[in-house]
Amino acid sequence: MSDNHPTRCDLMLFGALGDLAQRKLFPALYQLERANLLAPGSRILAVARPAQEPDAVRRQLQESLRRHVGPAEFDAAVADAFLARVAYQSLDFRDAEGYASLREWRGDESHPLIVYMATPPSMYGVIGRHLKQAGCCDPHTRVVVEKPIGHDLASSRAINDALGEVFDESQLFRIDHYLGKETVQNLIALRFANNLFASQWNQDHISHVEITVAESVGIEGRWGYFDQAGQIRDMVQNHLLQLLCLIAMDPPADLSADSLRDEKVKVLKALKPITPDRMESHVVRGQYTAGTIQGRPVPGYLEEEGANRGSGTETFVALKVEIDNWRWSGVPFYIRTGKRLPEKLSQIIIHFKPAPHYIFDPDQRHLANNKLVIRLQPDEGMSLKILVKEQGLDKGMRLRPRPLELTFSETFEAERIPDAYERLLWEVMKGNQYLFVRRDEVEYAWRWIDQVIRHWRDAGEPPKRYPAGSWGPVASIALITRDGRSWYEDA
Ligand code: BG6
């Protein structure tokens, strides 16, 4: 895993003119070029439907790199070197004959081929089959696919089956871009490189865990897709459950992909089902109405461009998740995620239990217990909240909460924090699957999410409204206060 030598490979990027490719994938590849991580001779074939001249596509890519990489990191010479690797092929993905031109581009090269499908999931099987028929793939071909892998267990199985007909599981790299975030990987280091935490990481010492993934953006321009999915499918089934797994899993035997993924699967299997009688106390769905974010008025979900005014899709979810195993018995994980919340913020808070015997001023008993705050974005870092004695002769044994701070941007000042896609593309090039999601993880996650969605459907209740710019429906506050706790807010 520490091997940092670029290996030569070819990349075929399907959906190369789409939003994901332009906003994330090409900028990430450009950054790899800038960091000298694209090996000499590595080539990129951009594949998309429009008939365009390769030069015109390269010009368009240059513009889009300039826009998305940002002036401080855009270097025209690097961009030129990068674009010299890029060829373009127009293709109707359903046209089997057309794949002959891809075969021709590939030639007789023997270095690995990476196929990145930045396309609707319904195309994964089609592209895979046609590539195989055209003789483009071999057992070393690596295939990268994006979420959503289905909208429920049955449809995810259909997608995985279609991929499985052509490729072995060891060739598949299912992206959950949260796993590529630097701080998310730091969870693994924090937990398994620091015995201090490892020994405390269970129900003997931890009272509860909070995970918040908040966004201030709304649905802008994605209403059609989002309305079919809703926040639980768009964010919880993948990103939040992955975070929960990394916090809750047992130590893996090593850092190999399967050791890590085996442990995550055990957590997913141990998620306690939320039965209909527990829905009210364990789940809150919300939908934003018009409001104000950072002083700017914003429309409600039903007033966004392209909206169907009668939609009952949720843009916010809060859940109390329980894990039925030895380590976490009795330790709830409160998770919440929503659009149009006051700020963009992802953080995990580990709340430790109080000391078993209290010897200080009873008036101060309410002072906080130890907490570990892990900030995933923005301002990546960690903060351990501890109690210390106030200074001064007149203070006696007055206590005060104080943080032990680690801010990554200050600690590693010279290092830029790479975007998740840079890390993930780099790992694909090295053939490392440890930051990618295995088929059984996707399916166990769907199994658990499906039952929640089924109970929602059966109950037929509309989502609870919350004004844009608030922290979600009032019921999401009740979800945690009912247990005598509150959502963490950094004072
Ligand atoms: C995507 C979701 O997977 O993650 C989007 O489809 C969401 O709805 C995005 O906005 C959030 O990602 P990040 O990296 O900005 O937190």
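Where does Ile-359 lie? A few notes on that and other spots follow.

1. This is a predicted model, in which local features need pLDDT of at least 70 and side-chain atom pairs count only at pLDDT 80 or more, while totals for chains, interfaces and linings use all residues. Residues are numbered from 1 along each chain as its sequence is written, and side-chain values use heavy atoms, with hydrogens and water left out.

2. Ile-359 lies in the loop between β13 (345-352) and β14 (371-377); strands here are DSSP runs of E, at least two residues, and helices are runs of H or I, at least four, numbered from the N terminus. Ile-359 has a relative accessible area of 62%, so it is exposed (over 50%; buried means under 20%, partly exposed in between, with a 1.4 Å probe and protein chains only).

3. Now for Ser-470, found in the loop between β17 (464-467) and α15 (474-481). Ser-470 counts as buried because its relative accessibility is 18%. A polar atom of the Ser-470 side chain lies 2.8 Å from the backbone oxygen of Pro-467. Leaving aside residues up to four places away in sequence, Ser-470 touches Arg-340, Leu-341 and Pro-342 (contact means heavy atoms within 4.5 Å).

4. On to the ligand: the residues surrounding it include Lys-147, His-177, Tyr-178, Glu-215 and Gln-377 (a residue is near if one of its heavy atoms lies within 4 Å). An oxygen atom of the ligand is 2.6 Å from an N or O atom in the side chain of Lys-181. For the side chain of His-239, the distance from a ligand oxygen to an N or O atom is 2.7 Å.

Definitions and conventions:
A polar contact is a pair of N or O atoms within 3.5 Å; within protein, one must be able to donate a hydrogen and the other to accept it, and residues adjacent in sequence count only if both atoms are side-chain atoms.
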